[in-house]
Amino acid sequence: MQDTNERHGSGVAVWFFRTLLLLAAAVVMTVALVPGAQAAESQNGSPRSVIPLGRAVGIKLFAQGVLVVGLSDITTDQGLASPARACGLQEGDVITHINDAQVSSIEEVQTILQDLEGQEMELTVLRDEESQEVTTRAAQCSTDGAYKLGAWIRDSMAGIGTLTFVDPETGLFGTLGHGINDVDTAVLMKLQSGAITPASVAGVVKGVNGRPGELRGAFSSSQDLGTLYANTESGVFGHLQDPGTFTGTPVPVATAEEVHTGQATILANVAGTEVEEYTVEILKVYSNTSDTRDLMLRVTDPRLLEKTGGIVQGMSGSPILQDGKLVGAVTHVLIDHADRGYGILAQNMLDQAAQAQNT
């Protein structure tokens, strides 16, 4: 079993990306797969308790700056030009400022480039968490007269994911169990703002060995249930507008030492808005991992195997329960074994949620 032959399970059945070649007139839609408190203990030293959910929700994420996802040539009266390539821009760079103006949307970049009309400008770029400045001039396209850099950029993402837990006291919630990465560059999207919305699963593409399945659904973009404050490698976190939006019985969060191989269950939303509990087996618990693969599990419930074939994209974030405690969340599906996948420890998700909130 090769670790490289796997895919995020994926917190998102389908993600939509808003991408534009600077400065084309139309937006291109592409489809791709993909309170500070102690985590395991409350302030009084007792085990931290949260409500496990397993509910599908819509996730809207607006990036900090605009992400460069590709480079291209522009046809000008003098021939082909690519200012982006010439000044050293690379895929994965995040443009945060043009001159002194902060930019966080395609429209803002469009407006500034047209206003400058090819004058020299300074771009502030984040690359590998380090900020740097580059100087360039936009080129005027001979086809439509617009000023362009010759770079494809992306500013937002939206899709369907699964809520893992909510803290009934604070409204803190966690989802996915992994971060939201750009599909083209694999860069973790830097969050400026975001929200979760109501969603419903309309259908399932059943997974088979060699071909992962996926959940298909729809979400409302007009009603926000909560706001996001962090997109991290260990999950996406935020606060509900009303902590009582999701109800249920709180359960303790297991420590890493309490998680063991053997029988467990997951909560999953694979039809409409209904959440059901399904049996799984934890095959292995890993120690000192550097990513979200803290444990391996296998779906054993014949009902879920019949509906989905096992673990499918869109189930990332589905809570894993064992011995009456929340132990983790589903994060990956193994492509060659549709009934198997990886999960992250819930304790690690809560650790990351607290750390991100305190930074």
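Predicted model: local features only at pLDDT ≥ 70, side-chain atom pairs only at ≥ 80, totals over all residues.
Which residue takes a positive phi in the hairpin of E14 and E15?

View 1. Residues are numbered from 1 along each chain as its sequence is written, and side-chain values use heavy atoms, with hydrogens and water left out. Gly 171 takes the positive phi, near 80 degrees, in a hairpin with five residues between its strands. Strands (E, DSSP runs of at least two residues, numbered from the N terminus) pair if DSSP finds at least two bridges between them; E14 (residues 151-166) and E15 run antiparallel and are joined by three bridges, with Leu 163 partnered by Thr 175 of E15.

**View 2. Strand E15 and its other neighbour.** Four bridges connect E15 to the antiparallel strand E19 (residues 235-240), where Phe 237 is the bridge partner of Gly 174. In a regular strand, side chains alternate between the two faces of the sheet. Both faces of E15 (residues 172-175) are covered, with Leu 172 and Gly 174 buried on one side and Phe 173 and Thr 175 buried on the other, where buried means under 20% relative accessible area with a 1.4 Å probe, protein chains only.

**View 3. Two nonpolar cores.** A nonpolar core is a set of buried Ala, Val, Leu, Ile, Met, Phe, Trp, Tyr and Cys residues joined through side-chain atoms within 4.5 Å. The largest has 25 residues, of which Ile 266, Leu 297 and Ile 320 touch the most other members; E21 (262-271) is one of the strands supplying at least two residues, and its four are the largest share. A second, separate core of 24 residues includes Leu 67, Val 94, Phe 173 and Leu 191.

Notes. Buried < 20%, exposed > 50% of the residue type's maximum accessible area, 1.4 Å probe, protein only.
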